[in-house]
Amino acid sequence: MSEHSVELSHGMHVVHDGPRQAPPLLLIHGSGASGGFWGPVVPALARHHHVIRVDLPGCGQSPPAASYDVPAQAGQVAALLDGHGHRSVAVAGHSSGGYVATALAEHRPDLVRSIALISSGPSLDALLPQPLLFRVLLAPPLGPLLWPRRSDATIRRGISATCARPVEVADDVVADIRRIAYPTLRSVLRRNSAYLAERSLPERLAALDVPVLVVFGAADPRWEPSSAHQYDAVPGARIELLPGVGHVPMYEEPEATGTLLLGFAATGVDAPPVTP
């Protein structure tokens, strides 16, 4: 099979990179994003892994779904992995993608070998006041009117508002974000909050027998960076804070982020030595 392929499977747009016989590594994006957000780290990861990127339902190039509950999204991801015959997969989630990764491990522990969380807020009390641009675009009465009229420059400003360093966002990522409908994003955000309100992420992970890596930007403007240490409650969890990095380490510090993911994903499997 080709080293790079794209498909629509189980209601999701899926991109495969890397050797198909290599250990699988699943990448799950956050709210209002797409699998394209992982682009800067994929080349390094795909040298050692079969990298699987999904656009979650209603995001990027994936069609909408009947439910955006976190467990329901995890169920679609599980069906995708089952359909490809995968077991014991290393899973990385960015931001709320970490909630889907955790829900996948909760409901299908046979599918998840390890979890890497990148900028995944541990609990609702760790959420910081959001940038003005977000508050205007995401809340009534202006949100429903302004959302479909966003320019490419506005979308890029929205991403930059979550970063502590200047970033260059690819055109295809901007196009993916433009496809996300306002009601879909509002529903996703509500269901994410409900998932965290029910039980915090560290509490959920502490009940699971799975290795956990937590990567946080030390200058994350969305979640209180010190809240990364809430994950100390997870036995054996490894916590890494990246200095001068905001909410999107894959764009702001791709080399360090990729190296952390490679080292962690290789744990417990027969994999070639990691060369950054």
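Visitor: Which residues of H3 are buried?

Guide: The buried residues of H3 are Gly97, Gly98, Tyr99, Val100, Ala101, Thr102, Ala103, Leu104 and Ala105, where buried means under 20% relative accessible area, exposed over 50% and partly exposed in between, with a 1.4 Å probe and protein chains only. This is a predicted model, in which local features need pLDDT of at least 70 and side-chain atom pairs count only at pLDDT 80 or more, while totals for chains, interfaces and linings use all residues. Residues are numbered from 1 along each chain as its sequence is written, and side-chain values use heavy atoms, with hydrogens and water left out.

Visitor: Why is H3 largely enclosed?

Guide: Helix H3 covers residues 97-107, and nine of its eleven residues are buried, so the rest of the structure largely encloses it. Helices (H or I, at least four residues) and strands (E, at least two) are DSSP runs, numbered from the N terminus.

Visitor: What do the buried residues of H3 pack against?

Guide: They pack against strands E3 (24-28), E5 (89-94) and E6 (112-118), and also against helices H2 (70-83), H8 (182-198) and H9 (201-206); contact here means heavy atoms within 4.5 Å.

Visitor: Which residues touch the most other members of the largest nonpolar core?

Guide: Leu26 and Leu104 do, in a core of 39 residues, a nonpolar core being a set of buried Ala, Val, Leu, Ile, Met, Phe, Trp, Tyr and Cys residues joined through side-chain atoms within 4.5 Å. Apart from that core lies another, of 34 residues, which includes Phe37, Leu213, Met250 and Leu262. In soluble globular proteins, nonpolar side chains tend to be buried together.

Visitor: What is Leu26 in contact with?

Guide: Leaving aside neighbours within four places in sequence, Leu26 is in contact with Ile52, Val54, Val77, Leu81, Val89, Ala90, Val91, Ala92 and Leu104.

Visitor: Changing topic, in what order do the strands of the sheet come?

Guide: Eight strands form an open sheet with mixed pairing, in the order E1-E2-E4-E3-E5-E6-E7-E8, and two strands count as paired if DSSP finds at least two bridges between them. Strands E1 (4-9) and E8 (238-242) stand at the edges, each with a single partner strand, so one side of each has no neighbour in the sheet. The twist averages 20° from one strand to the next, with axes being lines fitted to C-alpha atoms, for helices over the stretch in contact, and angles running from 0 to 180 degrees between N-to-C directions.

Visitor: E1 and E2, parallel or antiparallel?

Guide: E1 and E2 run antiparallel and are joined by six bridges, and the bridge partner of His4 in E2 is Asp17. The two strands form a hairpin with two residues between them, and His10 in the turn has a positive phi of about 55°.

Visitor: And how many bridges join E2 to E4?

Guide: Five bridges join E2 to E4, and these strands run antiparallel, with His13 standing opposite Asp55 in E4. E3 and E4, by contrast, pair in the parallel sense over five bridges, and the bridge partner of Leu25 in E4 is Val51.

Visitor: What about His16, buried or exposed?

Guide: His16, which lies in strand E2 (residues 12-17), is buried, with a relative accessible area of 3%. Its side chain makes a polar contact of 2.8 Å with that of Glu7 and another of 2.9 Å with that of His50. A polar contact is a pair of N or O atoms within 3.5 Å; within protein, one must be able to donate a hydrogen and the other to accept it, and residues adjacent in sequence count only if both atoms are side-chain atoms.

Visitor: Last one: which strands does H2 lie across?

Guide: H2 lies across E1, E2, E3, E4 (50-55) and E5, running at about 45° to E2. Helix H11 (residues 254-265) also packs on the sheet, where it touches E3, E5, E6, strand E7 (212-217) and E8, and its direction makes about 160° with that of E6.
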